[in-house]
Amino acid sequence: GSTKTDWCIGNSQTDYRIVQTPGINPFYLSTKEISRQITENLFPQLTEKDTVTELYFYGAGCTPEKACIVADALTECFPHAHVAVESDLSGAARALCGHTKGIACILGTGSNSCEYDGEKIVSNVSPLGYILGDEGSGAVLGKRLMGDCLKKQLPPDLCELLLKEYELTPALILDKVYRQPLANRFLASLSPFLAQNLDEPCIRTLVSDSFKAFLKRNVMQYENYRESKVHFIGSVAFYYKTILAEAASEMGIRLGTVIKSPMEGLIEYHK
């Protein structure tokens with residue numbers, strides 16, 4: 001993902017372990033930066049016994065045009081391994097649906113969705129990123145929260161609590177969003193504040209409206225969405241599952257599996 005990357009290292013169906021590094025997204029990082037991140041954050045967690053011969057990477061931003069950026073970095077770091085790079089959406093579909101048909105969605109730092117035929121993605125509504133799209137994502141939830149706070153659309157005590165909890169000022173917020181890199185991560189990092197204050201009607205409405213926008217502008221664009229179960233993966237979907245279920249029910253969408261991470265499903269798929 002854009003915020004963190006989970007790595008499963010193993011040599012059999014049962015002998016494996018999972019380690020974590022910061023996020024890798026080729027829309028924001030170059031091959032050189034990804035190589036450095038792997039060297040500095042992943043290599044120290046490997047042992048001499050971890051001789052990598054096959055590497056399957058599913059990542060945010062790994063579109064056909066951008067996947068080579070990650071593939072080049074992985075090949076540089078693991079010169080003796082067979083490397084395959086696919087989108088996080090492909091990973092989500094395989095983890096959620098296995099070899100059955102369905103609609104697979106991601107709600108994490110960013111958001112995405114696809115129609116999956118049991119083997120491959122057959123249709124995808126472009127997510128467009130957190131400026132033009134990414135409805136329901138952590139970054140867009142954070143963007144809406146910040147906008148409502150700075151435009152005084154939230155109760156004053158709630159705004160004060162938000163700024164104090166994250167040690168923010170209006171000037172610092174604008175600097176982080178418009179001048180500093182990885183504004184999507186900063187905005188997504190505010191999502192826990194929403195989860196902690198869901199008893200506030202304005203906060204609950206903000207989250208619910210974001211999920212309805214995701215369903216309307218993405219899921220409902222697939223021709224067979226009423227006949228298909230709609231599955232979700234990602235931290236936002238997982239932690240706001242109750243509100244997501246309410247939004248789906250209200251819009252006549254059949255909610256399927258909701259899980260936090262694709263790793264267990266991918267381990268099962270690759271067996």
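## Helix α5 against helix α10

Leu141, Arg144, Leu145 and Asp148 of α5 are in contact with Ile203, Leu206, Val207, Asp209 and Ser210 of α10 (contact means heavy atoms within 4.5 Å; helices are DSSP runs of H or I with at least four residues, numbered from the N terminus). By class, this contact comprises five nonpolar, one polar and three charged residues (Ala, Val, Leu, Ile, Met, Phe, Trp, Tyr, Cys and Pro count as nonpolar, Asp, Glu, Lys and Arg as charged, and the others, Gly among them, as polar). An α-helix has 3.6 residues a turn, so residues three or four places apart point the same way.

The axes of α5 (residues 138-150) and α10 (residues 201-217) lie 10 Å apart, at an angle of about 140° (axes are lines fitted to C-alpha atoms, for helices over the stretch in contact, and angles run from 0 to 180 degrees between N-to-C directions). The two helices are therefore oblique to each other (angles under 35 degrees count as roughly parallel, over 145 as roughly antiparallel, 65 to 115 as roughly perpendicular and the rest as oblique). The crossing of α5 with α10 is right-handed (the near helix is turned clockwise from the far one by less than a right angle).

## Basis of the model

This is a predicted model, in which local features need pLDDT of at least 70 and side-chain atom pairs count only at pLDDT 80 or more, while totals for chains, interfaces and linings use all residues. Residues are numbered from 1 along each chain as its sequence is written, and side-chain values use heavy atoms, with hydrogens and water left out.

## Burial within α5

In α5, Gly138, Ala139, Val140, Leu141, Gly142, Leu145, Met146 and Cys149 are buried (under 20% relative accessible area, with a 1.4 Å probe and protein chains only). After α5 comes Lys152, which has a positive phi near 60°.

## Helix α10 against helix α12

Helix α10 also packs with α12 (residues 241-250), at an angle of about 50° and with axes 9 Å apart. This makes α10 oblique to α12. Their crossing is right-handed. Among the contacting residues are Phe211 and Leu215 of α10 and Ile243 and Leu244 of α12. The residues of this contact divide into seven nonpolar, two polar and four charged.

## The setting of Leu187

Leu187 belongs to helix α8 (residues 183-188) and is buried, with a relative accessible area of 2%. Leaving out residues up to four places away in sequence, Leu187 touches Tyr130, Gly138, Ala139, Gly142, Lys143, Met146 and Val177.

Key. Buried means under 20% relative accessible area, exposed over 50%, partly exposed in between (1.4 Å probe, protein chains only).
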